[in-house]
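Q: Could you take me through this model feature by feature, giving the general idea behind each reading before the particular case?

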Amino acid sequence: MKKSIEISPNIETLFGTRDENLHVLEDGLNINIDLRSDRIELEGAARDVARAEQLFADYDHLQRNGFQFNNGDLNSMLRVVVGDPNVTLRGLAEAGRQRAFGRRTVQPKSPNQRRYLEAIEQYDMVFGVGPAGTGKTYLAVAMAISALINKQVNRIILARPAVEAGERLGFLPGTLQEKIDPYLRPLYDALFDMLDPERVERYLEKNVIEIAPIAFMRGRTLNDSFVILDEAQNTTSEQMKMFVTRLGFNSKAVITGDITQIDLPNARRSGLLEAIDILQGVNGLAFVYFDESDVVRHHLVQRIIRAYDEYKARLAEQQLSLLEAKAGAETRATNGKNGAEASAAPPLEEPRVRD
């Protein structure tokens, strides 16, 4: 099917640098886009062409209504739209504008990120599980700030296990709080990125925003709060059970973690892994899983994560092959032994019949 649409004012801003956004549409929707002097020609399956036509119409509508796309957001939003036929560019942009994220406009950059934000809105407890750089913590903090600004909660509580990745907490200089602060720095970074520094300091002083190790959560009931547990893969089974039972009335909890980077000593089982097994069937909570396609850091991070996954798969195949070879050798040895014993056994004498 072929379709021609008129070029509207400023539509060229949709194309992106070196037409990179058009390539996203062509690859994602499996269509051809041909730019003419006075029109845009779309060619492909009728359904795909109709989606592309709707996308151009949505972009024109958003521009006419003063919507400004931040750097890189448009490309990310287009990837979400082409990846999910139930999503429109207009719906995605307006949903992001409806949420108040302080001084930032935060848009999901992948279908999984969109599902993550929707799950946080819909459920009281959400687990975000995936590799580094997929936006798990950043988006959770953004949703917490949105809930605080919109007066849906009275405070934000950010917790993290103080587990070292190779270093030792006791050797750090300073007081207990000064020792703990480096482990909570990613949470501070997200806060300062979305709110003015003076506002963050004021919230911290008044305990409107509280940042603490998970060990300080025991015995508390958290009402009217948005609670985030970051780096949950480094919690023990006891810590995870303690945390998920702290939730009070009118509260939300988001638990984030990367099960490929567990730093627990003595090969203890991660509380996050156990929670995934135990809580999968519980109503009222949701699990959202990310992969390397959701990485929003440097593009090299995506390739590094993929390389580690491939190495892990190769290692598992090698171990399986060794086990199969070992089992085969043991079977052959057992069969050979049984055969030798059978050949060495004396022949049975025929029974004698007395006259």
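Predicted model: local features only at pLDDT ≥ 70, side-chain atom pairs only at ≥ 80, totals over all residues.

Q: Which residues of H8 are buried, and which exposed residues does the face turned away from them carry?
A: Buried means under 20% relative accessible area, exposed means over 50%, and partly exposed lies in between, with a 1.4 Å probe and protein chains only. In H8 the buried residues are Val 200, Tyr 203 and Leu 204. Viewed down the axis of H8, these buried residues fall within an arc of 100 degrees, so they line one face of the helix; the arc is that of the directions from the helix axis to the C-beta atoms. Glu 198 and Glu 205 are the exposed residues on the face of H8 turned away from its buried side.

Q: How is helix H1 to be read, and what covers its buried residues?
A: Helix H1 spans residues 20–29, and its buried residues are Asn 21, Leu 22, Val 24, Leu 25 and Leu 29. Down the axis of H1 they fall within an arc of 155 degrees, so they line one face of the helix. Their cover includes strand S2 (32–35), helix H2 (46–64) and helix H3 (73–83), where contact means heavy atoms within 4.5 Å. After H1 comes Asn 30, whose phi is positive, near 60 degrees.

Q: Which residues touch the most other members of the largest nonpolar core?
A: In soluble globular proteins, nonpolar side chains tend to be buried together. A nonpolar core is a set of buried Ala, Val, Leu, Ile, Met, Phe, Trp, Tyr and Cys residues joined through side-chain atoms within 4.5 Å. The largest one holds 37 residues, and those touching the most other members are Tyr 116, Leu 158, Leu 191, Ile 209, Ile 211, Phe 226 and Ile 228. Among the elements that give two or more residues to this core are helix H5 (111–122), helix H6 (136–149), strand S5 (155–160) and strand S7 (225–229), and the largest share, 9 residues, comes from H6. Leaving aside neighbours within four places in sequence, Ile 228 is in contact with residues including Ala 140, Val 141, Ala 144 and Phe 243. A second, separate core of 30 residues includes Leu 14, Ala 52, Leu 78 and Leu 92.

Q: How many salt bridges does a search of the whole structure find?
A: A salt bridge is a side-chain nitrogen of Lys or Arg within 4 Å of a carboxyl oxygen of Asp or Glu, and the search of the whole structure finds 10. In helix H2, Arg 64 and Asp 60 lie 4 residues apart, about one turn of the helix, and they form a salt bridge whose closest N and O atoms are 2.9 Å apart. Arg 64 counts as exposed, at 61% relative accessibility, whereas Asp 60 is buried, with a relative accessible area of 17%.

Q: Which residues are linked with Asp 34 in a network of salt bridges?
A: The network links Asp 34, Arg 36, Arg 39 and Glu 41.

Note on methods. Residues numbered from 1 in each chain as written. Heavy atoms only, no water.
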